[in-house]
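Have a look at the structure first, then read on.

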Amino acid sequence: MDRYPPIADHGLVGDLQTAALVSAGGVVDWFAAPRFDSPSIFAALLDHDRGGYFRFSPEHPDATCKQIYYPDTAVLVTRFMSPDGVGEVVDCMAPDTSLTPTDRHTLIRVVRAVRGSVRVVLECRPRFDYGRADHELQLESGAAVFRAPGQVAYLQSTFPVTRDGRDVRGEIALDAGQEAAAVFTVCDPDGEPPAPFHPAELADRITAIGEWWQEWLRGSRYRGRWPIMVNRSAITLKLLTYHPTGAPIAAATMGLPEQIGGERNWDYRYTWVRDGSLSVRALLDLGFTEEATRFVKWLGTRLHERADLPGERLQIMYRVDGDPDIPEEILGHFEGYRGSAPVRAGNAAMDQLQLDIYGEALYALSEIREVGSRTDYHGWKVLSSAMDWLADSWDRPDEGIWETRGGRKDFSYSRVMCWAALDRGLKLAHEFSRPADIDRWRKARDAIIEQVMERGWSTKLNALVQHYEEDVLDASLLLVPRVGFLAPQSASWLSTLDAMDRTLVSDSLVYRYDPAASPDGLRGSEGTFSLCSFLYVDALARAGRVRQARYAFEKMHTYANHVGLFAEEIGPSGEQLGNFPQAFTHLALIMAATTLDEALDKARNR
């Protein structure tokens with residue numbers, strides 16, 4: 001068993017309230033419950049010895065493992081080939097589509113021999129509360145019960161397990177056609193024990209789970225050139241959305257490094273206004289209007305909460321239930337993935353000022369109108385009040401989209417998105433004939449574009465730059481043509497795109513910015529940012545550089561992992577880095593695919 005398998009060597013399963021990572025070796029090395037942002041139960045990815053894991057894999061040291069998903073589902077299959085035979089482990093969780101959060105979550109694991117004979121090892125070593133809470137083990141008829149303060153877990157299996165300290169271990173030999181199962185259920189200490197199961201019943205449950213996902217995916221209207229990648233990205237976005245509220249998280253994990261051994265290790269299990277707002281367009285492009293509408297309602301609730309309070313109208317991130325309190329702590333007892341410390345839980349960036357979020361929020365609210373969703377009068381008054389406030393408050397330095405910790409600056413992208421917010425607000429007021437301080441909004445909108453083009457334009461680089469102080473480029477500005485700040489084929493935008501080509505692009509992979517040229521308050525470097533690589537494809541396609549866009553898009557597919565998932569970043573050797581999988585990357589893939597499909601269709605028609 002690899003102590004720290006590559007980040008990319010994982011598949012994702014989940015039940016729409018939480019999720020688990022399963023390595024290509026058959027090990028669950030990340031699982032938190034009852035919610036995405038709860039303390040971990042299995043976290044061997046962050047500390048092999050203290051984090052806990054659930055192994056269900058071949059005993060043979062020379063076995064070769066590979067993973068696939070059942071087509072168009074979130075049912076993961078880990079296949080292993082050994083000199084004695086071929087086996088496979090099926091992992092899944094049943095989607096919970098109720099709007100009520102639950103403390104009970106169940107991971108189903110079934111192993112079967114498909115050729116020859118295989119010997120399988122089961123090890124279940126939970127470590128509750130990020131490995132900080134002790135637990136007691138009780139072996140009962142057909143189950144091992146792990147009791148910790150505030151939580152209990154049941155392991156049911158069809159073959160005997162024995163005590164191994166406070167954990168359990170078991171082995172079984174299977175011949176072709178035989179199978180065994182293990183079901184791991186976590187719930188409150190006062191919750192009912194899970195009912196006994198039978199193998200045939202599990203087979204029916206797995207089939208039903210697969211059919212649910214296939215039925216859900218049939219709601220997609222995507223008919224473009226890349227259905228496999230787009231469908232997998234859609235399923236991933238769905239897996240990373242907390243169904244009771246409709247709020248998507250940024251990634252399933254915390255603490256996975258942007259540089260091995262470095263300190264850029266963050267907790268991404270929360271809902272960013274920016275990420276969620278941009279996901280609305282991707283979801284609408286695919287036809288998933290319910291998911292898009294539910295997030296916009298969640299976003300509207302956040303605006304309502306601050307409507308009568310002083311200060312900022314939105315926080316940059318929230319917990320999935322809308323709680324704005326996300327204090328950051330360092331888990332000093334975890335060594336971190338391959339020694340990448342510190343490991344952080346929570347996120348101190350919650351207190352940062354990032355003015356761009358108002359642009360993304362209005363972008364989402366304006367896009368949702370195409371499916372007939374619009375705010376009522378009282379909702380409009382809240383939105384209008386936020387626009388009044390922004391018209392007076394946009395001209396301030398902030399921390400910027402990348403949550404730098406090197407001090408506030410006048411970031412060009414933040415100004416661009418403030419322009420987008422006011423521009424969308426003006427259009428909504430006109431389209432729906434709503435009362436608004438039109439002159440105030442228009443004056444602010446026009447002042448922003450004049451300021452950005454005067455102070456954010458570098459005559460040296462002939463390009464828009466990251467902030468007003470230095471001639472440094474920033475890939476966040478790849479969204480400029482999508483929001484309409486500059487025309488996608490205008491001279492000023494094409495020269496900016498050319499400057500990025502020369503400075504930020506490496507074989508179609510795109511860096512966010514250069515930390516050496518623009519210090520961000522953190523040590524070390526990072527890889528290319530996969531979100532930006534897909535935004536680059538989108539911008540190229542809009543600029544009319546369709547062949548270049550298609551080649552860049554196809555090359556990005558080669559950096560996906562074996563089941564089509566992306567982490568945040570790509571390292572120097574093509575390895576995936578950062579939290580995994582990242583929703584922002586997958587929504588940008590969908591955006592790039594739909595933009596590129598449209599551009600290719602137009603080129604063919606011409």
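1. Asp72 sits in the loop between β6 (64-69) and β7 (76-82). This is a predicted model, so treat the angles here as computed ones. Asp72 isn't a glycine, yet its phi is positive, at about 60°. With 34% relative accessibility, Asp72 counts as partly exposed.

2. Most residues other than glycine have a negative phi, and most peptide bonds are trans.

3. Arg338 is another non-glycine residue with a positive phi, near 50°. You'll find Arg338 in the loop between β20 and β21. Its relative accessibility is 40%, so Arg338 counts as partly exposed.

4. The loop between β20 (329-330) and β21 (344-345) also holds Pro342. The peptide bond joining Ala341 and Pro342 is cis, with omega at about 5°.

5. Phe580 and Pro581 are joined by a cis peptide bond too, this one with omega at about -20°. Pro581 is in the loop between β28 (576-577) and α14 (583-605).

6. Now the helices: how do α2 (residues 199-217) and α3 (residues 227-239) pack? The angle is about 110° and the axes are 11 Å apart, so α2 and α3 are roughly perpendicular to each other. Their crossing is right-handed.

7. On the α2 side the contact is made by Trp212, Trp213, Trp216 and Leu217, which meet Asn231, Ala234, Ile235, Lys238 and Leu239 in α3. Sorted by class, that contact has seven nonpolar residues, one polar and one charged.

Note on methods:
Residues numbered from 1 in each chain as written. Predicted model: local features only at pLDDT ≥ 70, side-chain atom pairs only at ≥ 80, totals over all residues. Heavy atoms only, no water. Axes fitted to C-alpha atoms, helices over the stretch in contact; angles between N-to-C directions. Helix = DSSP H or I, 4+ residues; strand = E, 2+ residues; numbered from the N terminus. Parallel < 35°, antiparallel > 145°, perpendicular 65-115°, else oblique. Left-handed = near helix turned anticlockwise from the far one by under 90°. Contact = heavy atoms within 4.5 Å. Nonpolar A, V, L, I, M, F, W, Y, C, P; charged D, E, K, R; others polar. Buried < 20%, exposed > 50% of the residue type's maximum accessible area, 1.4 Å probe, protein only.
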